[in-house]
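Visitor: Could you take me through the charged side chains of this model, with the cut-offs stated as we go?

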Amino acid sequence: RHLSDDEIIEIADKLALDSVSHGVEPVSADNVRDMVRQHAFQSATDDDLRRVSALLAAAGWPLADDLV
C-alpha cells in the first residue's frame, strides 16, 4: 500500500502527540514501526485497485475485467 504525504504527516503528528501526552517516554523506533505498519500493511481499497489498474492499463498491461 502506498502512503500519501497526508498519511505520513498524520502518523508523524500522532507520534508527536503521543510523545507529548506521555510526558516522559520519547517516541521509540518500535512506536514508529508500529504506526507505519498499521497504515502501510492495510488491505488495498477499491480506490487503490482502480488507481493501480489504471496505471498498469496506461502502460499497456492487459488486465482482467473482474479486477476493478
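Visitor: Is Asp48 buried or exposed, and at what relative accessible area?
Guide: This is a predicted model, in which local features need pLDDT of at least 70 and side-chain atom pairs count only at pLDDT 80 or more, while totals for chains, interfaces and linings use all residues. Residues are numbered from 1 along each chain as its sequence is written, and side-chain values use heavy atoms, with hydrogens and water left out. Buried means under 20% relative accessible area, exposed over 50% and partly exposed in between, with a 1.4 Å probe and protein chains only. Asp48 is therefore buried, its relative accessible area being 14%.

Visitor: With which residue does Asp48 form a salt bridge?
Guide: A salt bridge requires a side-chain nitrogen of Lys or Arg within 4 Å of a carboxyl oxygen of Asp or Glu. The closest N and O atoms are 3.7 Å apart, and the partner of Asp48 is Arg51.

Visitor: How far apart are the closest N and O atoms of the salt bridge between Asp47 and Arg50?
Guide: Asp47 is exposed, at 53% relative accessible area, whereas Arg50 counts as partly exposed at 41%. Because they are three residues apart in helix α3 (residues 46-58), about one helical turn separates Asp47 and Arg50. Their closest N and O atoms lie at a distance of 2.8 Å.

Visitor: How many salt bridges does the structure hold?
Guide: One of them joins Asp47 to Arg50, and another joins Asp48 to Arg51. The number of salt bridges in the structure is two.

Note on methods
Helices (H or I, at least four residues) and strands (E, at least two) are DSSP runs, numbered from the N terminus.
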